[in-house]
Amino acid sequence: MVDRPKKPSALPTSAGSSMPPAPQVDISPSSDRVTATLPTGESCEVLLYGATLVSWKSEGGQRENLWMSDAAKVDGSKAVRGGIPLVFPVFGPPPSSSHLPQHGFARISRWEFLGKSTSESDSSVQLDFGLMSSNLSPEMRAAWPCEFGVIYSVTLGRRSLETRVVVRNEGAAAWEFMWLWHTYLRVEDIHQTHLTGLSSTPYHDRVASAHLTSEPSPTPLTITSETDRVYHPPDPQSTITVHTPAPRYEITRENLPDVVVWNPWEEKAKGMSDFEPKDGWENMLCVEEGSVREGVRLEGGEAWEGGVTVRLVEEG
Ligand SMILES: O=P(O)(O)OC[C@H]1O[C@@H](O)[C@H](O)[C@@H](O)[C@@H]1O
């Protein structure tokens with residue numbers, strides 16, 4: 001098993017009156033999800049199925065920041081349509097010789113909850129999840145017979161959600177993988193939403209042709225039709241800002257060279273059985289951070305780490 005990036009510390013007790021109230025972490029009675037709530041009301045909820053973040057609430061729990069389809073399957077029968085599914089070890093359709101499903105198996109496998117840790121300095125709470133080769137179904141194991149361990153950490157702050165991943169090759173033979181956070185952001189109105197941080201960046205337009213590299217987008221980038229693009233910003237640390245129009249999400253990346261921007265628009269949403277309401281495309285935008293244009297190669301014993309932080313900033 002891979003080492004956890006941060007070991008859990010004991011949660012502070014409420015015995016001492018000078019102690020600040022501690023974040024609360026609950027496992028649902030059916031053990032299918034973990035919920036973390038800060039004393040100020042902000043919360044996040046992670047399904048063990050896919051380690052899928054299905055809710056992230058800010059503003060004392062008043063504002064939901066992730067879009068979730070009303071018809072999303074959360075019982076493990078299908079990848080969740082909404083929230084933050086995890087894409088690993090392939091992005092999109094796998095090579096024709098492979099039996100892996102679209103976007104890989106991470107989002108359709110049951111992960112283990114490894115524990116929680118808290119920070120008194122900024123009253124955040126971290127949840128850790130793990131997926132290993134031995135957790136896979138026999139079909140997925142046969143489709144990808146590589147020895148691996150993945151640790152996924154979700155840290156909830158007052159106005160931020162930080163997610164990190166460590167992928168380790170636990171075997172002797174080298175293999176390649178892709179990774180992506182398939183983040184469905186909730187936006188007030190797609191027609192008033194724009195992005196900055198991706199202009200001057202050529203992209204692969206997956207609607208027009210998987211192989212076409214288009215001209216850089218104008219500034220700011222608006223979404224006016226079906227959009228499915230893989231951007232490769234020259235600065236892998238650059239901040240992407242999504243103006244919804246209010247609030248705005250500031251997205252910072254670590255070690256993640258690619259950004260996918262996806263909105264199915266009207267016609268495609270109609271054709272997706274798990275996409276409800278049918279006009280929900282007007283209230284969502286997927287801004288997906290990862291490493292998907294080329295596989296990351298890991299020799300036996302090597303590890304790779306990446307991270308995304310989304311911060312909420314009020315416009316004004
Ligand atoms: O329907 P899925 O498998 O969840 O994929 C949704 C979309 O995911 C995006 O990441 C891809 O770029 C799109 O091509 C794809 O349509």
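**A walk through the predicted model**

Leaving aside residues up to four places away in sequence, Leu185 touches Asn65, Leu66, Trp67, Val242, Tyr249, Met284, Leu285 and Val287. Contact here means that the C-beta atoms of two residues, placed from the backbone, lie within 7 Å. This is a predicted model, in which local features need pLDDT of at least 70, side-chain atom pairs count only at pLDDT 80 or more, and totals for chains, interfaces and linings use all residues. Residues are numbered from 1 along each chain as its sequence is written.

Leu185 also belongs to the largest nonpolar core, which has 78 residues; Val46, Leu185 and Val287 touch the most other members. Strand β9 (residues 148-156) supplies the largest share of this core, six residues. A nonpolar core is a set of buried Ala, Val, Leu, Ile, Met, Phe, Trp, Tyr and Cys residues joined through C-beta atoms within 7 Å. A residue is buried if 20 or more other C-beta atoms lie within 10 Å of its own, exposed if 12 or fewer, and partly exposed in between, with C-beta atoms placed from the backbone. In soluble globular proteins, nonpolar side chains tend to be buried together.

Two strands pair if DSSP finds at least two bridges between them. Strand β13 (residues 194-196) and β18 are joined in the antiparallel sense over three bridges, and Thr196 stands opposite Thr241 in β18.

The next stop is the ligand. Which residues surround the ligand? They are Ala79, Gly92, Gln102, His103, His182, Arg206, Asp228, Val260, Trp262 and Glu288; a residue counts as near a molecule if its C-beta atom, placed from the backbone, lies within 6 Å of it. By class, this shell holds three nonpolar, four polar and three charged residues. In that grouping Ala, Val, Leu, Ile, Met, Phe, Trp, Tyr, Cys and Pro count as nonpolar, Asp, Glu, Lys and Arg as charged, and the others, Gly among them, as polar.

The unreviewed UniProt entry lists His182 and Glu288 under "active site". They are spread over 107 residues of sequence, yet they cluster in space, with a largest C-alpha distance of 4.8 Å. UniProt positions are given in the numbering used here, feature names are shortened, and annotations may be inferred rather than shown by experiment. His182 lies in the loop between β11 (175-181) and β12 (184-186), and it is buried because 25 other C-beta atoms lie within 10 Å. Beyond four places in sequence, His182 touches Ile84, Pro85, Val87, Cys286 and Glu288. Glu288 sits in strand β21 (residues 284-298) and counts as buried, with 24 C-beta neighbours inside 10 Å. Among the contacts of Glu288 outside four places in sequence are His182, Val260 and Trp262.

The entry, which is unreviewed, also gives a "binding site" annotation for Arg81, Gln102 and Arg107. These residues span 27 residues of sequence, and their largest C-alpha distance is 13.5 Å. Arg81 is in the loop between β5 and β6 and is buried, with 22 C-beta neighbours inside 10 Å. Gln102 is in the loop between β6 and β7; it is partly exposed, with 13 other C-beta atoms within 10 Å. His103 is found in the loop between β6 and β7, but His103 is buried, with 23 other C-beta atoms within 10 Å.

Some backbone details remain. Most residues other than glycine have a negative phi, and most peptide bonds are trans. A cis peptide bond joins Phe88 and Pro89, with omega about 0°, and another joins Ala246 and Pro247, with omega about -5°. Pro247 lies in the loop between β18 (240-243) and β19 (248-254). Phi is positive in Glu59, near 50°, and in Asn255, near 65°. Glu59 is partly exposed because it has 16 C-beta neighbours inside 10 Å.

Notes: Helix = DSSP H or I, 4+ residues; strand = E, 2+ residues; numbered from the N terminus.
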